[in-house]
Amino acid sequence: MRVLVTGAAGSIGTVLCSGLVDRGHSVSGLDRAPAPEGFTGDWFATDCGDPDAVEATFTTLSRSGGLDAVVHLAGIPTEASLPEELDSHVITTAALLDAMVRHGVSRIVYASSNHAVGRTPRTELLAIDVPARPDTFYGVAKVAAEALLRLYADRHGIDAVATRIGSFLAQPESVRGLATWLSYDDAVRMFDAALATPDPGFAVMYGVSANTRGWWDLAPGRALGYHPEDDAERFADVVLAGDHDPERGEAEGDYVGGPFATPDFERAALDTPGAAG
Ligand code: 15L
């Protein structure tokens with residue numbers, strides 16, 4: 001497939017671009033940062049929150065063979081003020097969706113996050129259809145971006161797959177990570193499956209590996225063709241031998257979003273210049 005990857009210079013983007021090329025996709029990258037060394041496709045040094053720049057990118061791609069799908073990874077990967085989060089996740093998604101409609105591109109795979117449901121108390125098995133329950137403004141923006149995907153799926157017939165990613169890392173780094181880890185190889189498997197799955201309409205899956213300690217329902221992802229192969233358990237000895245604060249570990253275990261659902265992440269929605277504290 002001819003795929004445009006946003007956030008292509010980021011941590012997931014770098015791994016994913018080369019993984020998708022290895023799987024036979026033709027990949028163009030979009031990022032405010034320059035192309036990483038070794039990237040061979042077209043590169044657009046563009047802010048995907050700027051609708052004019054996004055339109056220009058789509059026009060260029062339409063003239064040079066077209067585009068089959070967008071993988072939208074760009075965005076702040078952590079907590080910030082509400083306006084920053086909305087700009088970063090919702091406005092970028094809107095700019096891409098509008099350009100997709102104008103240029104007849106019918107599929108988007110979106111890097112959503114577990115933090116869209118991060119304030120859900122941890123249960124035996126986290127179902128995919130739990131109500132939206134963000135743990136941060138970051139999570140609020142992911143919920144809103146998912147809602148936007150659903151609107152464009154309903155209005156325009158866009159196929160939109162939202163992957164609620166756990167902890168994308170080379171290897172798990174915390175006790176929580178033994179349940180939430182998404183390996184590099186599984187991330188490539190997941191995005192590749194989401195690009196290929198026939199007629200998903202609007203669909204959501206959890207983006208984690210097949211972790212022995214996982215508590216996320218992987219069945220909806222499997223139904224979409226994502227079959228994870230890695231398991232964080234092989235790192236358990238190293239992780240558990242590390243330096244852990246048990247009290248903090250317990251607090252982080254209460255909710256899906258781990259640290260994001262603790263008071264450490266509580267802040268005002270709007271930055272108020274001059275406000276004390
Ligand atoms: C995410 O969505 C964040 O981008 C990342 O910073 C981690 O917090 C990760 O989730 C996680 O939950 O481990």
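S183 turns up in the loop between β8 (181–182) and α6, where helices (H or I, at least four residues) and strands (E, at least two) are DSSP runs, numbered from the N terminus. At 3% relative accessibility, S183 counts as buried, a label for anything under 20% relative accessible area, with exposed meaning over 50% and partly exposed in between (1.4 Å probe, protein chains only). The side chain of S183 makes a polar contact of 2.5 Å with the side chain of D230. A polar contact here is a pair of N or O atoms within 3.5 Å; within protein, one must be able to donate a hydrogen and the other to accept it, and residues adjacent in sequence count only if both atoms are side-chain atoms.

All of this comes from a predicted model, in which local features need pLDDT of at least 70 and side-chain atom pairs count only at pLDDT 80 or more, while totals for chains, interfaces and linings use all residues. Residues are numbered from 1 along each chain as its sequence is written, and side-chain values use heavy atoms, with hydrogens and water left out.

Helix α6 holds D186, which counts as buried because its relative accessibility is 0%. D186 and A147 sit 39 residues apart in sequence and, C-alpha to C-alpha, 25 Å apart in space. On the loop between α6 (184–196) and β9 (202–207) there is D199. With 67% relative accessibility, D199 counts as exposed. Its phi is near 45°, a positive value in a residue other than glycine.

A160 is at 0% relative accessibility, so it counts as buried. Between A160 and T78 there are 23 Å in space, C-alpha to C-alpha, and the two are 82 residues apart in sequence. I165 is in strand β6 too, and its relative accessible area of 6% makes it buried.

Over in helix α3 (residues 82–103) lies S88, which is buried, with a relative accessible area of 11%. A polar atom in the side chain of S88 lies 2.8 Å from the backbone nitrogen of I76.

Now for the ligand. Around it are P77, S113, N114, H115, Y138, G166, S167, R176 and F260, where a residue is near a molecule or strand if one of its heavy atoms lies within 4 Å of it. This shell splits into three nonpolar, five polar and one charged; Ala, Val, Leu, Ile, Met, Phe, Trp, Tyr, Cys and Pro count as nonpolar, Asp, Glu, Lys and Arg as charged, and the others, Gly among them, as polar. An N or O atom in the side chain of S113 is 2.7 Å from an oxygen atom of the ligand. For S167, a polar side-chain atom lies 2.6 Å from a ligand oxygen atom, and for R176 that kind of distance is 3.0 Å. Taken alone the ligand exposes 320 Å², and the protein buries 74% of that (areas come from the Shrake-Rupley method with a 1.4 Å probe; for residues, only the protein chains shown count as cover).

The ligand sits in the largest pocket, meaning that more than half of its atoms lie within 2 Å of the pocket's grid points. On a 1 Å grid over the protein atoms alone, a pocket is an open set of points with protein on both sides within 12 Å along at least five of seven lines.

Methods. 1 Å grid on protein atoms, 1.4 Å probe; cavity = no way out; pocket = protein on both sides within 12 Å on 5 of 7 lines; lining within 4 Å.
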